[in-house]
Amino acid sequence: MRIACLGGGPGGLLAALLAKRGDPDREVTVYERNRAGDTFGFGVVFSDATLDGIDAADPVLRRALAGHGVHWDPIEVRLRGERWRFGGNGMAAVARRTLLSLLQRRAAEAGVDLRFAAPVQPDDLLEAGYDLVIAADGANSLMRARFPGVFGPSVVTATAKFIWFGTTYPFEGLTFVHEQSPHGVFAVHGYPIGDGVSTFIVETDEPSWRAAGLDGFDVSQPPGPSDEVTRTYLEKLFAAQIDGCPLLVNNSRWGNFRTWRTQRWRHRAGRTAVALLGDAAHTAHFSVGSGTKMAMEDAIALVQALDKHAAGRRPPADAVDAALAVYEAERSGLVARIQDAARPSLSWWEHFGRSYRSLPPWQFAFHFFSRSLPESKLRQRDPAFVDAVHRAWRAAHGRADPLRTPVTVAGLRQPGRVVPVPCRCGPGQGAGGCG
């Protein structure tokens, strides 16, 4: 069986490694347009549950984390001189470059043909007679664009602006830092990735971004140059929060997050089957879903389906198609749920400046964590955090019971948050009977 992977990111490399290791007779080739040592961005994050799933398929990620990564539990929110921590979130991170290097080494050792600095067009692969092309070529996927009527892609672009830096400041774990500048509110997603470096992602709304004069960099130029004006501005703004440590650049430039969805993840073009993987098929905002994590999970599911339904040196086309149908069915629903969960989180980040200005720190922290988790889940993970929020509420309102706080409903002042509503049902009516 001849397999080509278009894209040598973590998802494509893991798919190639697993496919070759599952059947050494498979001919597996990876085409990556960048050089072997090139990588954009800084770190990648995984939950403990994700680590368990990937480790069951291959120990490469555990080895990367053991030798170079960082593990933590609490998440911290900082604003206006206060720090609120929420526990029960086992997570780990490692430098993207480290993970790629280990995956490249393991894939090469398994016998995968790795071709770097090798840009290739979709039609070239389709004409080469491969049995399967795995399109792991990112959010700007050429293969997805080649068959838009088949894959049915759609994209929604967020209004918030974000930019990706690194820093030498040693964050202890995932930390959200908020600062008010003269031009607006800016927020950081910071987390350690090992070897003395932390990821430092900054978000803000477009009016603040423009008011700060950060809209002058030409983002249409090829990857490489970073926005030095923005780096200087943000180093100064967050200097007190990161002890004056510098920001590190790597193709650092502002963008708007785009949520990609596809109606279909597979296609047959003559003798060649095509499968979308990772960002080529889907994206989810980084506040909820790691694109690297989802791509690696896609790779595991895809190869497991191939091993079960399309084993052999040259399986028939219908066996490959059956494997891709299983892969799509298994992963598309799971990914859709992650994307649905990411939608309210992304919306929160588009408007967080209003909450920063209007809410006290304790309420802001609770509002932040409850954007994607109900209070019952928060309490399961960290009851001490929820209790601290309740104590802060009582101190702020001078009351022992939050439900007895006066509230105005439809212009009428009510004595508490539980408002009695008279029953309008007749005797015996109503669902289950109204008392």
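Is Glu 172 buried or exposed? I began with that residue and found that Glu 172 counts as exposed, at 63% relative accessibility, where buried stands for under 20% relative accessible area, exposed for over 50%, and partly exposed for what lies in between, with a 1.4 Å probe and protein chains only.

**Entry 1: ground rules**

I am working on a predicted model, in which local features need pLDDT of at least 70 and side-chain atom pairs count only at pLDDT 80 or more, while totals for chains, interfaces and linings use all residues. Residues are numbered from 1 along each chain as its sequence is written, and side-chain values use heavy atoms, with hydrogens and water left out.

For the elements I rely on DSSP runs numbered from the N terminus, helices being H or I of at least four residues and strands being E of at least two.

**Entry 2: salt bridges**

I took a salt bridge to be a side-chain nitrogen of Lys or Arg within 4 Å of a carboxyl oxygen of Asp or Glu, and by this rule the count comes to 25.

Arg 85 counts as partly exposed, because its relative accessibility is 41%. I also noted that both residues belong to a network of salt bridges that links Glu 76, Arg 78, Arg 83, Arg 85 and Glu 172.

Next I turned to strand 17 and helix 11. Arg 266 and Glu 328 meet through their side chains in a salt bridge of 3.0 Å, N to O, and this pair joins strand 17 (residues 266-269) to helix 11 (residues 317-350) across 62 residues. Glu 328 has 13% relative accessibility and therefore counts as buried.

A salt bridge of 2.9 Å, N to O, joins the side chains of Asp 321 and Arg 268; Asp 321 lies in helix 11 and Arg 268 in strand 17, so the pair ties together parts that are 53 residues apart in sequence. Asp 321 is partly exposed at 26%, and Arg 268 is partly exposed at 24% relative accessibility.

Inside the order, strand 9 (residues 132-135) and strand 18 (residues 272-276) pair in the parallel sense over 4 bridges, and Ile 134 stands opposite Ala 275 in strand 18.

**Entry 3: the sheet around strand 3**

I then examined an open sheet of 3 strands, with the order 3-7-4 and antiparallel pairing, whose edge strands are strand 3 (43-47) and strand 4 (70-72). Strand 3 and strand 7 (residues 91-95) pair over 5 bridges in the antiparallel sense, with Val 44 opposite Val 94 in strand 7.

Gly 43 is found in strand 3 and counts as buried because its relative accessibility is 6%. Leaving aside neighbours within four places in sequence, Gly 43 is in contact with residues including Val 94, Trp 164 and Tyr 191, contact meaning heavy atoms within 4.5 Å. Gly 43 and Tyr 191 are 148 residues apart in sequence and 8.4 Å apart in space, C-alpha to C-alpha.

Thr 50, Gly 53, Ile 54 and Ala 57 in helix 2 meet Lys 293, Met 296, Glu 297 and Ile 300 in helix 10. By class I noted 4 nonpolar, 2 polar and 2 charged residues in this contact, with Ala, Val, Leu, Ile, Met, Phe, Trp, Tyr, Cys and Pro as nonpolar, Asp, Glu, Lys and Arg as charged, and the others, Gly among them, as polar.

How values were computed. Two strands pair if DSSP finds at least two bridges between them.
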